Amino acid sequence: MKMQINGKAVEACGGEVFGIKNPATGELIEQVPRGTEEDVAVAVEAASSAFTGWASASPQQRGEVLYRAAEIVRQRKDELASLLTQEQGKPIVEARNEIEGFAHVLEYYCGLSGSQRGDFIPVPGNGYAFTVKKPLGVCAAIIPWNMPALIMGWKIAPVLISGNTLVLKPASNTPLTNLTLASIFVEAGLPAGVLNVVTGPGETVGESLVRSPEVRKISFTGEARTGKRVAELAACGMKRITLELGGSDPMLVCDDADLESAAAGALRGRFYNCGQTCTAVKRLYVFESVAEEFIKKLETGIKSLRLGNGMDKNISMGPLNNRTQWEYIKELAAEIEEKDAGRIITGGKVPEFKDSEKGYFFEPTLVSDVPGDSRLLKEEVFGPLLPVVTVKNLDEAIVGANSTCYGLGASIWTKNIDRARKGCEQLNAGIIWINQHLKVAPEVPFGGVKESGFGRENGPESLSEYLETKTIMLKI
């Protein structure tokens with residue numbers, strides 16, 4: 001599979017390629033070009049050349065292209081979902097939902113295509129002022145491997161509908177679906193150069209994009225250390241940036257919560273996509289008066305999960321995406337037992353089933369009696385480990401929930417409106433759910449606080465991330 005630059009499928013300038021493997025089987029799926037600084041320069045130039053024409057098109061015209069692309073994506077949903085599962089590892093049902101989510105994001109922004117407008121301001125003695133919203137120019141997006149299709153939609157839809165052009169760098173583990181989606185935009189009539197995709201390592205392709213003087217805005221989703229590097233480089237060029245740097249989302253279960261619903265929410269919130277979701281439930285704080293009952297319900301749910309190759313429609317959870325994540329999760333699980341840092345209630349090891357040794361599988365794991373300084377409570381654990389902490393009351397739960405450097409999402413499960421209000425006011429997070437967790441609709445702004453980043457994606461708010469205000473003074 002080739003890169004997409006200036007509306008064409010091309011090889012890398014250096015001619016090198018790298019392989020994409022199925023994390024469930026270890027099999028080579030495809031090879032893609034290993035992009036270079038020269039490839040980035042060509043892509044940025046294509047985006048720059050295409051900018052004037054795309055920016056001058058009406059928002060409605062731009063919306064029509066996005067809508068046609070969404071139609072094609074829906075028609076090819078099964079093909080795209082199969083490709084996504086093979087390169088990412090998630091169950092085919094989750095992959096189909098992600099592809100549908102991508103199409104839905106495009107359709108949502110089509111609906112916003114006519115909503116871009118400025119203000120009219122009377123200025124006594126000096127006539128009138130009015131403001132207009134103008135696209136920035138060439139933008140760049142760097143996306144992760146956990147939700148490559150959906151996050152691609154979050155990035156490109158507001159960029160394109162607002163009249164900007166884009167160079168996208170997919171994650172090196174999961175570029176295939178992104179490249180196929182980019183080719184669909186060409187099929188839908190997107191002008192050459194408006195959307196370009198360069199594959200390759202972050203230290204080459206990513207850094208070149210961030211350093212490029214032609215790029216006006218960077219949107220990055222990934223881990224915090226890399227995000228800080230993006231911010232550092234972008235500052236040198238006074239570029240706008242949006243950073244979504246993950247989180248360690250707490251879930252607070254009060255003693256008046258619907259425990260059946262809460263257990264189901266924790267099960268899906270933690271083990272969806274094998275726990276590899278930025279807003280996954282990563283820490284549980286449960287009132288001690290209901291902890292035993294709640295943990296039993298959750299344990300029963302976890303034991304019902306079926307592991308396997310994502311292409312098997314009967315499985316509940318696929319493998320971790322890559323060896324690095326797999327080794328990290330194994331290390332954390334080993335520390336629990338070696339350092340007596342908690343009690344593994346269920347799971348905690350590499351599973352054994354037919355051909356399991358070929359993939360990066362790990363059992364869904366529930367851990368109790370976790371000490372406050374545990375890595376499970378301090379780090380962003382991207383994988384199927386769920387620590388449970390018992391607390392006396394809501395105040396203690398909130399203190400624990402806020403005790404990390406992250407602040408992406410959080411949820412509180414209660415039937416008491418005062419407890420819900422207190423949680424919303426005092427939890428340090430960019431998005432807070434009440435009696436639910438994980439779902440993020442394209443209509444609502446999404447982003448974090450503290451080291452989970454800044455800027456917002458989704459909703460009308462995301463359009464402002466890609467538009468600048470021009471003020472015009474008029475005196476007649």
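## Salt bridges in this model

Glutamate 363 pairs up with lysine 349 in a salt bridge, with the closest N and O atoms 3.4 Å apart. Glutamate 363 and lysine 349 both sit in the loop between strand E14 (343-346) and strand E15 (365-368), so the bridge ties together parts that are 14 residues apart in sequence. Glutamate 363 is buried, at a relative accessible area of 17%. Keep in mind that this is a predicted model.

What does a search of the whole structure turn up? It finds 33 salt bridges.

| Glutamate 363 | Lysine 349 | 3.4 Å |

Now for the helix pair. Lysine 303 and glutamate 299 belong to helix H10 (residues 288-303), and because they are four residues apart there, about one helical turn separates them. Buried or exposed, where does lysine 303 fall? Lysine 303 counts as exposed, with 56% relative accessibility.

Glutamate 79 is partly exposed, with a relative accessible area of 41%. Arginine 76 is partly exposed too, with a value of 23%.

Finally, which residues are linked in a network of salt bridges? Among them are Glu207 and Arg211, and the network also takes in Arg229 and Glu232.

Key:
Residues are numbered from 1 along each chain as its sequence is written. This is a predicted model: local features need pLDDT of at least 70, side-chain atom pairs count only at pLDDT 80 or more; totals for chains, interfaces and linings use all residues. Side-chain values use heavy atoms; hydrogens and water are left out. A salt bridge is a side-chain nitrogen of Lys or Arg within 4 Å of a carboxyl oxygen of Asp or Glu. Buried means under 20% relative accessible area, exposed over 50%, partly exposed in between (1.4 Å probe, protein chains only). Helices (H or I, at least four residues) and strands (E, at least two) are DSSP runs, numbered from the N terminus.
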